Amino acid sequence: MMEIDGRVLNTGLLLVATILVAKLISAFIVPKSRKRVPPVMKGWPVIGGLVRFLKGPIFMLREEYPKLGSVFTLKLFHKNITFLIGPEVSAHFFKAPETDLSQQEVYQFNVPTFGPGVVFDVDYSVRQEQFRFFTEALRVNKLKGYVNQMVAEAEDYFSKWGPSGEVDLKYELEHLIILTASRCLLGREVRDKLFDDVSALFHDLDNGMLPISVLFPYLPIPAHKRRDQARKKLAEIFASIITSRKNSNKSEDDMLQCFIDSKYKDGRSTTEAEVTGLLIAALFAGQHTSSITSTWTGAYLLCNNKYLSAVQEEQKMLMEKHGDRVDHDVLAEMDVLYRCIKEALRLHPPLIMLLRSSHSDFSVTTREGKEYDIPKGHIIATSPAFANRLSHIFKDPDRYDPDRFSVGREEDKVAGAFSYISFGGGRHGCLGEPFAYLQIKAIWTHLLRNFELELVSPFPEIDWNAMVVGVKGKVMVRYKRREPSVNQ
Ligand code: HEM
C-alpha cells in the first residue's frame, strides 16, 4: 500500500514538475515565438474593408492610425494588406531584398501598358539590368544635356503667352511637360514630327490605366482595348525610328538613344520592343508626377509671399552672378526653390501608396516598443501621403514650411532614413528624382524671371480619385510679362 502511495506521490510530483517546467518554457520561450500579429481593422472582413478602402486609403489611414498605431492589417477579399507607417517601422519595406519583399506581383497591372519583356514582366535579375539602363540614362553628364532641352522648351512654350492674360496653370504645365518629356526622353523625331500622333497614343495608354485595371488589367473593356491598340502602334512607331537611327548611324542626346545603346551583362543589345517598353515606363514614372508637382509648387508660392519673395530674391542673386545663363549647374545652386518644391511634394506626393508582396516572415518594432510579426503572404503597404505628415516627424505637418528642410532643422533627416518618402527610398528609390527637380526648377526659373503671377482661383483641392493623385479642377493664374530690363 505504502509502495503504491509512494508511486502515486512520485507520479504526482513528476506531473507537477512537468507542468511547472512547461509553464516556465511557455513563459520564457513560447511568447518569443508566438505570433504577435498586427491588429486587424474592425468591420466585416470583405465588404467593410472594401468600402473603407474605396472611400479612399488616406481617409482610412487617418481613422485607423490613431486607434491601431503604425502597424495594422486590412482584410480585403482573401488578401491581408499590412500597413507600415513611419520611419520606425518601414525600414524593412524599403531595404528588404526582392526575395523577401517583391514588387513584381503588386505592380503586375503595369504589364499591358509597358508591354512584354520589360520591368514587371521580367525576372528580377533582368529588371535590375533594365533599371541600370535607367540609371545610366539619368547620369549627370546626360542630365546636363536634358537641362538645355528643358530650358529651350520652356522658353519656346512661354513665348506664346501674350503680354498679359489668364491661364489654367495646371493645363499649361501639363502640356509643357509632355513636350519636354518628348524631347528629352522620346527623342527629336517624336518631338519634331510625330508629337500629335504619339501624344494621342500616350493619352489612350493613360486612359487605359484605371483603378479597376489594378485588379483586372486584362478585363475586356473599351479603355483596355484602346490601350492595347495604342501600345501596338507605339511599338511600330518606335521600331521604325530605331531602325532609321541605326541605319543612318546617327546618335542623339536623349533617353531613347541611351536605351538603344544599352547592353545586358551577357553582351546582348536591347530589342526594339524593350526600348519602347522602357520609354513608356519612363514616361509613366515621370510625366504626371512632375507636372502635378510643378502645379502644387506654383499654387503654394503664389499663396505665400514670404517664399515667393525668397525664390525671386534667389533668382536675382543668381542672375547677378551668372547673367541669363540657365543650365544644370545654375539650377543646382537654387536651394530655396529646391526646398519650396520639396515641401510641395511632401504635402502632395503623387504616388500615395507604395506596395510590396512579402515572401518571408518578418518583425517590426514600433516606436512605442511593440513588436509585431508579419507573416509571409501579406501585401505590405506604406503611404507617402500619410507618412509625410506625421506630427512627430514634421512640426505643424499640414503647414507649407520649406524652411523645415534648412540646415539646423532638417526635419526629413532627424528622425532617420525614410521620414520623407515622396520619392520612395532604399532599394527601389526613384531613379528620376534629379531629372524631376531639374525640370520643375527650369520651368519655375523661367516663370519667376519673366512673369508677375497671381493665383485668381481658390487654392486647389486634391484629386484623390486619380491614379496619380494630383490637383482637382483648374488653377487659374493671371500673368503679366515683366519688362525685359527686370531680367538684367
Ligand atoms: C516628382 C516626380 C516624381 C515622383 C514623386 C516619383 C516618385 C517615385 C516613387 C515614390 C518611386 C518608388 C516606387 C516604389 O517604391 O514602389 C519611384 C520609382 C521610380 N521612378 Fe520616380 N518619381 C518622379 C519622377 C520620375 C522621373 C522623372 C523618372 C524618370 C525619368 C522616374 C523614374 C523612376 C523609376 C525608374 C523608378 C523605379 C525604381 C526602382 O524600382 O528601382 N521617376 N518614383
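Reply: Buried means under 20% relative accessible area, exposed means over 50%, and partly exposed lies in between. In this predicted model, both tryptophan 161 and tyrosine 479 are buried by that criterion.

Me: What makes the pair of tryptophan 161 and tyrosine 479 stacked?

Reply: The planes of tryptophan 161 and tyrosine 479 are 25 degrees apart, with 4.5 Å centre to centre; because centres within 6.5 Å make a pair and planes under 30 degrees apart count as stacked, the label follows. Tryptophan 161 lies in the loop between helix 8 (140-158) and strand 4 (164-168) and tyrosine 479 in strand 12, so the pair ties together parts 318 residues apart in sequence. Ring pairs also link these two with Tyr157, Phe158 and Phe451 into a cluster.

Me: Why is the pair of phenylalanine 114 and phenylalanine 284 called edge-to-face?

Reply: Here the planes are 65 degrees apart and the centres 6.1 Å, and since an angle over 60 degrees counts as edge-to-face, the name applies. Phenylalanine 114 has 7% relative accessibility and phenylalanine 284 has 17%; both values are under 20%, so both residues count as buried.

Me: How do you know that Cys430 is a donor to the iron atom of the ligand?

Reply: Its SG is 2.3 Å away from the iron atom, and Cys430 is the single donor from the protein; the cut-off is 2.8 Å, so the SG atom qualifies. An unreviewed UniProt entry lists Cys430 under "binding site". At 36%, cysteine 430 falls between the 20% and 50% limits and is therefore partly exposed.

Key
Residues numbered from 1 in each chain as written. Predicted model: local features only at pLDDT ≥ 70, side-chain atom pairs only at ≥ 80, totals over all residues. Heavy atoms only, no water. UniProt positions renumbered as here; feature names shortened; annotations may be inferred. Buried < 20%, exposed > 50% of the residue type's maximum accessible area, 1.4 Å probe, protein only. Donors = N, O, S within 2.8 Å, 3.2 Å for Na, K, Ca; no water. Phe/Tyr/Trp six-rings, centres within 6.5 Å; stacked < 30°, edge-to-face > 60°. Helix = DSSP H or I, 4+ residues; strand = E, 2+ residues; numbered from the N terminus.
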